Structure formats: C-alpha cells, structure tokens
Amino acid sequence: MPILKLNIQLPKREACPLRFLFTKADRILKRREFIALAECGQRIQNGHFIAVFSPNQLGRSRIGITVTKKVGPAVKRNKIKRLVREYFRLNRHHLAGHWDINIIAKRQAADFSSEKAFRSLTDIFARISKYDHRQ
C-alpha cells in the first residue's frame, strides 16, 4: 500500500520580544561551574536567600539554584526552585550586565508565599544590578 505524504504547513511561532524563555543555556549545570562561582564570586544575602554572583562573558545571565535538605522535604525544596526559576525567567531582562548567579535558599525560605519570595528575590537582583564588576 502506498504511503501518502501530506504537505501540511504549521503556522510559524512569533518570536517573543523579551524572550521569556528558560532553556538549558540559561542554567548553571556543572559542578565545576558552581565551585568556580563559590571561589571567586561576590556574596550578598537577605533574610531568605544568599546570592553568589560573578560577571560572565557569555552574553546572557545564567542561574543556578541550591536548596539543601536542611530547608525541608522534597516538596518544599522543589517549590522554592520553581519559584526562583520563574522569577529569573520573568525578570532577568532587568539585570544590568551578564551574570552567573547561584541562589542558595535559607531555612526561612521553606514556609513563605510566592509574593514574599518574589519580593526577596527582587531585592537580591536589584543589589546585583547595582554592583560594579570593575572593582
């Protein structure tokens, strides 16, 4: 029986103007990158998060997320990671410059709402943007 070939053209996806995508290229994935960032990066913190950051030459900001078992069970740890990824995806265009950022959750981050998390992350990202990497 012959195979029929259909020429169906799918509509092209329009490019998102601000690129609210979150791909693997936007993440710090390798252990050696986390270690290098911890050794040579700057640290800032607030009540819920610690941020270790360093400028990069990749042309985009990247994020790594660290949530230890001390923070809580897997459900809470995964929720924190989802919130941080979502905040980064929606707000990375506000960052001045291109940074590698590792967000480390503190124990206090386990039991708070998404609004509190976003306010806390807004504070962290604003402070990173003000940092002058030429110092």
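1. Y87, F88, F118 and F125 are linked into a cluster by ring pairs, where rings of Phe, Tyr and Trp (its six-membered ring) pair if their centres lie within 6.5 Å, and where planes under 30 degrees apart count as stacked, over 60 as edge-to-face and the rest as tilted. Please keep in mind that this is a predicted model, in which local features need pLDDT of at least 70 and side-chain atom pairs count only at pLDDT 80 or more, while totals for chains, interfaces and linings use all residues. Residues are numbered from 1 along each chain as its sequence is written, and side-chain values use heavy atoms, with hydrogens and water left out.

2. How many aromatic pairs does a search of the whole structure find? The search finds seven aromatic pairs. One of them joins F49 and F112, a tilted pair whose ring centres are 6.2 Å apart and whose planes stand at 50°. Because F49 lies in strand β2 (residues 49–55) and F112 in the loop between β4 and α3 (114–130), this pair ties together parts that are 63 residues apart in sequence; helices here are DSSP runs (H or I, at least four residues), as are strands (E, at least two), and they are numbered from the N terminus. Both F49 and F112 are buried, a word that means under 20% relative accessible area, with exposed meaning over 50% and partly exposed in between (1.4 Å probe, protein chains only).

3. Y87 and F125 form an edge-to-face aromatic pair, at 5.2 Å from centre to centre and with 80° between the planes. This pair links distant parts of the chain, since Y87 sits in helix α2 and F125 in helix α3, 38 residues apart. Y87 is buried, with a relative accessible area of 7%, and F125 is also buried, with a relative accessible area of 5%.

4. D26 is in the segment before α1 (31–40) and R92 is in the loop between α2 (74–91) and β4 (99–105), so that the pair links distant parts of the chain, 66 residues apart. Both D26 and R92 are buried.

5. R62 deserves a paragraph of its own. The side chains of R62 and E33 meet in a salt bridge with an N to O distance of 3.4 Å, and this pair links distant parts of the chain, with R62 in strand β3 (residues 62–66) and E33 in helix α1, 29 residues apart. R62 counts as buried at 10% relative accessibility, whereas E33 is partly exposed, with a relative accessible area of 25%. R62 also meets the side chain of D100 in a salt bridge, at 2.9 Å from N to O. Because D100 lies in strand β4 and R62 in strand β3, that pair ties together parts that are 38 residues apart in sequence. At 14% relative accessibility, D100 counts as buried. Elsewhere, salt bridges that share partners join D26, R60 and R92 into one network.

6. Finally, where is K30 placed? K30 is in the segment before α1, and at 43% relative accessibility K30 counts as partly exposed. The C-alpha atoms of K30 and G64 are separated by 9.5 Å, although these residues are 34 residues apart along the chain.

Notes: A salt bridge is a side-chain nitrogen of Lys or Arg within 4 Å of a carboxyl oxygen of Asp or Glu.
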